[in-house]
Amino acid sequence: MSVPVVSVLMSVHDGAPWVREAVQSLLAQTLSDLEVVVIDDGSTDATPEILAAVHDPRLVIERRKHAGLTRSLNRALQLARAPLVARLDADDVAVPERLARQRAFLDTHLDVGLLGTGAREVDVTGRELAVVQPPEDDAMIRRALIRANPFVHSSVMMRRAIVDLAGGYDESLPVAQDYDLWMRMSRLTRLANLPEPLVIRRLAPGRVSAVRDDDRLRAEARVRWRAVRSRVYPWWCVLFVARPLVALALPPAWRRVLRAAAGNAGPAPPL
């Protein structure tokens, strides 16, 4: 069996309403030399039957007991065969040219090992809520990285060798595992984002970012502290370590207001 150009990693737990559309958006990519590795993380709904009904040799499915997103992604990474690995959440959609655009960029920018894209955010009815326009070049991304996650996890494509060198996803982190991986990869490679929204991100009730906000804030503080302690960022960036810890003391409604205000404040100043 020939090695595909790209392996797309997906974990799904009770994703029956959306997983078929997510998988089909990958199988319909203009870059057809790919594999889609789906870990069914202990689904109890119709997810197994929906996946089994997709007949395409490029789809690899493994069903396992519920272990959580981080462990499932590492298992998908173990099964992946391609030198490039990409991500898509089971309730998101990739536009048809997404993987081809990212591969073309990486083919001409050999020093970049982590590449994301912009994204459209929609609700469960498909109504557009926002367009995510991430920082594009390495310097801008590094300035943002200590302050917030400058990548849409569902949009990234990575060089497998760099992911392995960084150690994969940290299984001690049930959330913000992507942010932690980006921080570790940033020590090994250059970073970039394509500005175009090449992923449609569905903000459905129950997403990890909404349900486990306290865990996310603790994880963000831990990731930033590691970066400051290892001198990736200067000592004064400990201020950004404190920010999520302070947010933990605030009511969730206040956090949402402050997060929205921060998002409207424009680009971060240089370090």
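## Asn74 and its surroundings

Asn74 makes contact with Gly168, Tyr169 and Glu171, if residues up to four places away in sequence are left aside. In this model, which is predicted, Asn74 lies within helix H3, a helix that covers residues 69-79. Because its relative accessibility is 11%, Asn74 counts as buried, the word being used for residues under 20% relative accessible area.

## The chain as a whole

The secondary structure of the protein chain consists of eleven helices and nine strands. The chain is as compact as a globular protein of its length, because its radius of gyration is 18 Å, close to the 18 Å that the globule rule gives for 271 residues. Taken along the principal axes, the box filled by the C-alpha atoms is roughly 55 × 40 × 35 Å.

Of the 271 residues in the protein chain, 51% count as buried. The accessible surface comes to about 12,800 Å², and carbon and sulfur atoms account for 58% of this surface. When contacts between residues at least 6 apart in sequence are considered, 77% of them join residues that are at least 24 apart.

## Glu35 in strand E2

Glu35 belongs to strand E2, which covers residues 34-41. Is Glu35 buried or exposed? With a relative accessible area of 3%, Glu35 is buried. Leaving out residues up to four places away in sequence, Glu35 touches Pro4, Val6, Ser7, Val8, Arg58, Val60, Leu79, Ala80, Arg81 and Ala82. Ala46 stands eleven residues from Glu35 along the chain, and the C-alpha atoms of these two residues are separated by 22 Å.

## Two helices with a buried side

In helix H4, the buried residues are Arg98, Leu99, Gln102, Phe105 and Leu106. Seen down the axis of H4, these buried residues fall within an arc of 130 degrees, and they therefore line one face of the helix.

Helix H10, made of residues 238-248, has Phe240, Val241, Pro244 and Ala247 as its buried residues. These residues are on the same side of H10, because they cover an arc of only 130 degrees around the axis. On the face of H10 that is turned away from this buried side, the exposed residues are Leu239 and Val246.

Trp225, Trp235, Trp236, Val238 and Leu239 together make a nonpolar surface patch of about 580 Å². One of these residues, Trp225, is placed in helix H9, which covers residues 213-229. Trp225 counts as partly exposed, because its relative accessibility is 40%, a value that lies between the limit of 20% for buried residues and that of 50% for exposed ones.

## Salt bridges

Side chains of opposite charge can pair when their charged atoms come close. How many salt bridges does the structure hold? There are 24 salt bridges in the structure. One of them joins Asp89 to Arg87, with the closest N and O atoms 2.4 Å apart. Both partners count as buried, since Asp89 has a relative accessibility of 16% and Arg87 has one of 0%.

Arg190 forms a salt bridge with Asp111, and the closest N and O atoms of this pair are 3.3 Å apart. The pair links distant parts of the chain, for Asp111 lies in the loop between helix H4 (98-108) and strand E6 (112-122), while Arg190 is in strand E9 (residues 190-202), 79 residues apart. Asp111 counts as partly exposed because its relative accessibility is 43%, and Arg190 is also partly exposed, with a relative accessible area of 39%. Asp138 forms a salt bridge with Arg190 as well, here with the closest N and O atoms 3.8 Å apart. This pair too links distant parts of the chain, with Asp138 in helix H5 (residues 138-145) and Arg190 in strand E9, 52 residues apart. Asp138 is buried, because its relative accessible area is 9%.

Note on methods
Residues numbered from 1 in each chain as written. Predicted model: local features only at pLDDT ≥ 70, side-chain atom pairs only at ≥ 80, totals over all residues. Heavy atoms only, no water. Patch = residues over 30% accessible without salt bridge, like charges linked within 9 Å, V, L, I, M, F, W, Y side chains within 5 Å. Areas by Shrake-Rupley, 256 points an atom, 1.4 Å probe, with all protein chains shown as cover. Salt bridge = Lys/Arg side-chain N within 4 Å of Asp/Glu carboxyl O. Helix = DSSP H or I, 4+ residues; strand = E, 2+ residues; numbered from the N terminus. Buried < 20%, exposed > 50% of the residue type's maximum accessible area, 1.4 Å probe, protein only. Arc of directions from axis to C-beta. Rg over C-alpha atoms; globule rule 2.2 N^0.38 Å. Contact = heavy atoms within 4.5 Å.
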